[in-house]
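Hi,

Here's the structure I said I'd pass on. Have a look at it first, and then read on for what turned up.

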Amino acid sequence: MICCRPGRRDLLRWSAIVAGAGLLPALDPASARAAGAARPVNLELVTLTETSAVLTWYTGVPGTDDGLGRMEPAPSDAEVVYGTHPSRLTRSAHGPSGTPYHYVELTDLEPGRTYYYKARSNGVAATATGLAGGQAAGVPQGEVFAFTTPQPPPGRHLFSIALCNDLHLGETVAGLIGQLPWITGISQVPGHAPYPEIMARALIADARARGADHLLAAGDVSSEAAPADLHSAKSILDTFGTYTQDYLVARGNHDRAHEGAAYSTCTVGRYQGNDCFQDAFFPSGPSHFARDLHGLRVIGLDTYDKPGNGGDSGGLSPEQQSWFEAELKKDPDRPTLVFGHHPLFTENDPLSITGAHSLDAGQSLRILGAYARTPGVFLHHAGHTHRNQRSVFPLAPKVVQQEVGAVKEYPGGFTLLRVHSGGYALNFYKTRSPEARAWSERSRQELSGLWPQLSLGNRITDRNSVVARDLSGLAPAG
């Protein structure tokens, strides 16, 4: 994960904030000796729609350490009790028992209502993931948490698109941040399938199960663009549907052209080495494009259309920049979604000082200026930061930039864009196969357990939002 380069001072500061706020649960060695002991922790309100909510948490054996700094897993039951008054939690929902990786979905909610809930295992209330800058589980209300469901997007539902990024097929160690030698990465449990494959297959299954008609993969589909890894990525994505019709792919910095014998069978790259990504996904044309999905213009950008080792800022070639601006200009009022790997700018990001988390700043300002002249653009989907973050910039106040958490590691999932005739909703979903839930919880221990501080999204609106917008000119799927 070349994109992230925290220093020792950053980690110490985050550790002090979290510990000082009392957000790290104290271990109780005595309870570890109790038969069947299980402590429910890491409670998160992941998804919040007008009629549903998804809650996840973990149960471990108090006083133990699995070698990654977390409690050893303890299988348990999973129950959520909830209601519209904090003292009357009269409804309940359950997740599968016999697992330490809990996933419970509430499905009978009413739009615009405030709900109060308590998640528990073995009758013990789960404690929330500690976010120094936000609230992971909703608003604390004494012994319960609260959340308010949004109103649905106006108008009728037309179609849905799964937005995802950072699959990293071929990667074997997660969390090697910035190649710093003092950062310890996390590997898969021996004997288990490679985690990028587990997470990518779970992505496809859940995207389809959640009703996605299309899928956009915003870069870093491979670890380092090796032919076998690109083939594996495309084979998995092909299980979603037909490439260029059902799903679309953009290049990330990890997908750039590479030097070396392992890449020698691929076409010579435009800037350096051999471009195996180009051969796999764009054998007969440029790696930027515009497509029509039910009347929606989807523009895919190659945000590493430049020479480099992948560890610097992204960038568009002058030719791509000119093409992009001309494409916007020729139909400025048409509803338009843009996606590419690097964000334009990164808000509230302690790592942005490295200069490697976004596009070239001058190009980003130019793009925002073009968006201001293009009323049809409403959404810019980006990856690269491996986090959930919703941003709106003053230069283009009607365009939402949505960064989406990585597929391949905690929080491990995708954002579902639900397009209605009068607006749209964005909802982040963790993938939920047993293997995916196990790896997601294991990989949350990146950065010595501080990874959720950067990746989950501090606000519910970083993961879930609704926007009113006239999209009545679009057609329904099918």
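Let's begin with two cysteines: Cys-266 and Cys-276 are both buried. Just so you know, this is a predicted model, so everything below is computed from it.

Those two cysteines are bonded to each other, too: Cys-266 and Cys-276 form a disulfide, with 2.1 Å between their sulfur atoms. A search of the whole structure turned up one disulfide. What does the pair tie together? Cys-266 sits in the loop between strand S15 (247–250) and helix H5 (276–281), while Cys-276 belongs to helix H5, so the link joins parts that are ten residues apart in sequence. As for its handedness, the link of Cys-266 and Cys-276 is right-handed, with 100° about the S-S bond.

Another cysteine to look up is Cys-164. Its relative accessible area is 0%, so Cys-164 counts as buried.

Then there's a glycine to find. Gly-185 is in the loop between strand S12 (173–174) and strand S13 (186–187). Is Gly-185 buried or partly exposed? Gly-185 has a relative accessible area of 21%, and the cut-off for buried is under 20%, so Gly-185 comes out as partly exposed.

And what does Gly-185 touch? Leaving aside residues up to four places away in sequence, Gly-185 is in contact with Val-173, Ala-174, Gly-175 and Leu-176. One more pair to pick out in the viewer is Gly-185 and Leu-447: they are 262 residues apart in sequence, yet their C-alpha atoms are 8.1 Å apart in space.

Over to you!

Terms used:
Residues are numbered from 1 along each chain as its sequence is written. This is a predicted model: local features need pLDDT of at least 70, side-chain atom pairs count only at pLDDT 80 or more; totals for chains, interfaces and linings use all residues. Side-chain values use heavy atoms; hydrogens and water are left out. A disulfide is a pair of cysteine sulfur atoms within 2.5 Å. Helices (H or I, at least four residues) and strands (E, at least two) are DSSP runs, numbered from the N terminus. Buried means under 20% relative accessible area, exposed over 50%, partly exposed in between (1.4 Å probe, protein chains only). Contact means heavy atoms within 4.5 Å.
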